[in-house]
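Hello,

Here is the structure I promised to pass on to you. Have a look at it first, and my notes on what turned up follow below.

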Amino acid sequence: MVVTPEGASVRDVAVEGERIVAVAAPGSLPAEGARVIDATGKIVVPGGIDPHTHLAHGIMSRPDEPGLTIGPEEDTRGMAFGGTTTHIDFCFVHPGVDIMPTVEQRTKRWQGNSYVDYAFHVTLAGALPIRTFDQIGEAIQAGFPSFKVFTTNILPVHPKRTQNRIDFGRIHFAMGKIAAAGGILVVHGEDDDVVQFNYERFRAEGKLDGANMHLVHTKLSELLAFRRTIALARDAECGVYFVHTSAKEGVDAIGEARADGLPIYGETLHQYACFNAEYYKTPRGFCSHTYPSLKFPEDQQALWRGLVVDGLSTLATDEYPTPLAIKLRGKTIEDVTGGNCGAEARMGIAWSEGVVKRGMSLTRFAEITSTNAARIFGLYPKKGVIAAGSDADLALIDPSIDKTLTRDDFHVSDYSPWEGWRVSGWPVTTILRGQVIADGGRLLGRAGAGRLASRKIDGALLRRPVC
């Protein structure tokens with residue numbers, strides 16, 4: 001069963017070299033001299049694209065104990081097993097450095113170390129000088145058309161902690177530069193005044209338990225930041241992609257903007273859709289935390305509605321992989337480690353929770369796990385679609401698998417937040433540009449096979465909500 005933009009049907013897929021050369025009726029392709037992979041009983045979807053990862057990234061929760069998240073040489077191995085063939089990470093540009101040298105340095109860290117293809121968003125962080133924004137056009141021309149901003153510092157201000165928040169004046173200025181050059185703004189949307197006051201208030205009141213995280217990173221905070229950002233985007237005529245939407249208020253703000261014809265796109269995370277703030281109270285509850293925070297059952301319902309029907313465009317992970325000891329060492333709202341090891345499970349969880357449990361169509365599954373990310377960030381149609389001329393990036397899902405996930409099902413770090421989760425269907429084969437890199441629980445690819453993917457966004461995506 002092959003899933004294409006036209007729908008799902010029984011087809012044969014022909015691959016020559018790194019590209020798909022035909023999608024045809026069963027038995028109509030010449031098989032002589034070719035390797036044949038029998039996908040009978042399997043669902044063949046575009047290789048997954050995770051548009052939001054933080055590998056080899058500074059850990060911010062304990063500024064007196066600096067460290068890095070797990071790098072691409074380990075984490076992308078899990079992606080290969082889990083059906084993901086491309087991920088988009090970040091390079092942070094702070095005051096005092098230029099954009100392109102920072103991108104080049106970050107790219108070198110991935111070269112020779114990734115099992116899957118990769119790209120980078122450029123994060124504009126802090127009180128950047130005006131001249132930094134003048135470099136945006138050059139970066140877009142070089143194939144890096146997406147720029148991230150934080151509207152808040154996600155943790156309390158600390159002299160040893162780099163501050164990533166950028167003010168709304170600079171955000172609006174950046175929007176103008178980005179829109180003029182054919183790029184898109186990627187936004188971590190929370191209200192800094194609300195978040196930082198909540199930290200101060202809860203500290204004064206002695207309510208530092210990490211289970212209060214959702215009362216610091218609130219639904220109101222998301223509402224305020226999303227709507228303010230959308231107002232600026234409307235004025236600047238700039239496309240916006242909101243990362244890790246966590247609240248119904250965020251989903252609603254995105255939906256209203258899209259109904260007005262604005263090119264606004266929303267992402268959520270599988271942990272936000274599957275867990276709520278009550279889970280923080282369990283022994284390993286922080287395993288599913290990433291910033292902003294888990295919210296409430298009504299928010300989970302809104303997120304699933306946005307994924308299954310419409311309103312949200314992508315399902316990502318905010319991958320921030322660490323060992324379990326680092327993930328769980330923080331106990332308070334001020335030091336809980338954000339993010340987790342989620343990329344390997346993303347496709348399988350989306351299948352079980354979306355398709356099997358909630359009736360998501362196969363086409364919609366392909367859209368939220370691959371196609372829409374490819375379109376929004378300029379990888380389409382080279383990636384994100386099963387069509388002649390596209391990269392032969394494929395994932396085969398076996399819908400007959402029915403099991404409870406254990407630690408042995410994962411290949412990154414020493415834990416997964418999805419241990420103990422019941423699944424119906426799971427990726428079993430992953431193909432990257434025509435090469436089988438994982439099959440039947442065996443890793444067949446190699447670190448270094450992944451390549452940097454250059455990107456150019458279709459202008460239609462930046463004029464109206466296309467996907």
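In this predicted model, three strands each supply at least two residues of the lining of the largest pocket: β3 (12-16), β14 (394-404) and β16 (435-439). Strand β3 gives the most, with 4 residues. The volume of the largest pocket comes to about 880 Å³, and 29 residues line it, with Val13, Ala14, Arg35, Val36 and Ile37 the closest to its centre. By class, the lining of the largest pocket divides into 19 nonpolar, 6 polar and 4 charged residues.

The second largest pocket has a volume of about 570 Å³. It is lined by 22 residues, and the closest to its centre are His57, Gly58, Leu68, Phe92 and His94. Two elements, β7 (84-93) and α2 (99-110), each supply at least two residues of that lining, and α2 gives the most, with 4 residues. The lining of the second largest pocket is made up of 9 nonpolar, 8 polar and 5 charged residues.

A search of the whole structure finds 3 cavities of 30 Å³ or more. The largest cavity has a volume of about 210 Å³, and of the 22 residues that line it, Met60, Ile154, Tyr291, Asp318 and Tyr320 are the closest to its centre. Its lining has 9 nonpolar, 11 polar and 2 charged residues.

A cis peptide bond joins tyrosine 291 and proline 292, with omega about 10 degrees. Proline 292 sits in the loop between α10 (270-274) and α11 (297-308). Another cis peptide bond runs from tyrosine 380 to proline 381, where omega is near 5 degrees. You will find proline 381 in the loop between α14 (362-376) and β14, and β14 is one of the strands that supply the lining of the largest pocket. These spots are worth a look because most peptide bonds are trans.

Then there are the phi angles. Most residues other than glycine have a negative phi. Serine 413, although not a glycine, has a positive phi of about 60 degrees. It is placed in the loop between β14 and β15 (422-432). Is serine 413 buried or exposed? With 16% relative accessibility, serine 413 counts as buried. Arginine 433 is not a glycine either, and its phi is positive at about 45 degrees. This arginine 433 is in the loop between β15 and β16, and at 7% relative accessibility arginine 433 counts as buried too.

Helix α1 (residues 72-81) has 7 of its 10 residues buried, so it is largely enclosed by the rest of the structure. The buried residues of α1 are Pro72, Asp75, Thr76, Gly78, Met79, Ala80 and Phe81. Their cover includes β7, α2, β15, β16 and β17 (442-443). Of these, β7 and α2 also contribute to the lining of the second largest pocket, while β16 contributes to that of the largest pocket. Just after α1, glycine 83 takes a positive phi of about 90 degrees.

Helix α8 (residues 219-236) has 18 residues and reaches 26 Å from its first C-alpha to its last, close to the 26 Å expected at 1.5 Å a residue. Its buried residues are Lys219, Ser221, Glu222, Ala225, Phe226, Thr229, Ile230, Leu232, Ala233 and Ala236. Where do these residues lie around the axis of α8? They are on the same side of α8, because they cover an arc of only 165 degrees around the axis. Just after α8 comes glutamate 237, with a positive phi of about 55 degrees.

Serine 352 is buried, with a relative accessible area of 3%. Leaving out residues up to four places away in sequence, serine 352 touches Lys357, Val423, Ser424 and Gly425.

How values were computed:
Residues numbered from 1 in each chain as written. Predicted model: local features only at pLDDT ≥ 70, side-chain atom pairs only at ≥ 80, totals over all residues. Heavy atoms only, no water. 1 Å grid on protein atoms, 1.4 Å probe; cavity = no way out; pocket = protein on both sides within 12 Å on 5 of 7 lines; lining within 4 Å. Points joined across faces, edges and corners; volume = space filled by probe spheres on them. Nonpolar A, V, L, I, M, F, W, Y, C, P; charged D, E, K, R; others polar. Expected span 1.5 Å × (residues − 1). Buried < 20%, exposed > 50% of the residue type's maximum accessible area, 1.4 Å probe, protein only. Arc of directions from axis to C-beta. Contact = heavy atoms within 4.5 Å.
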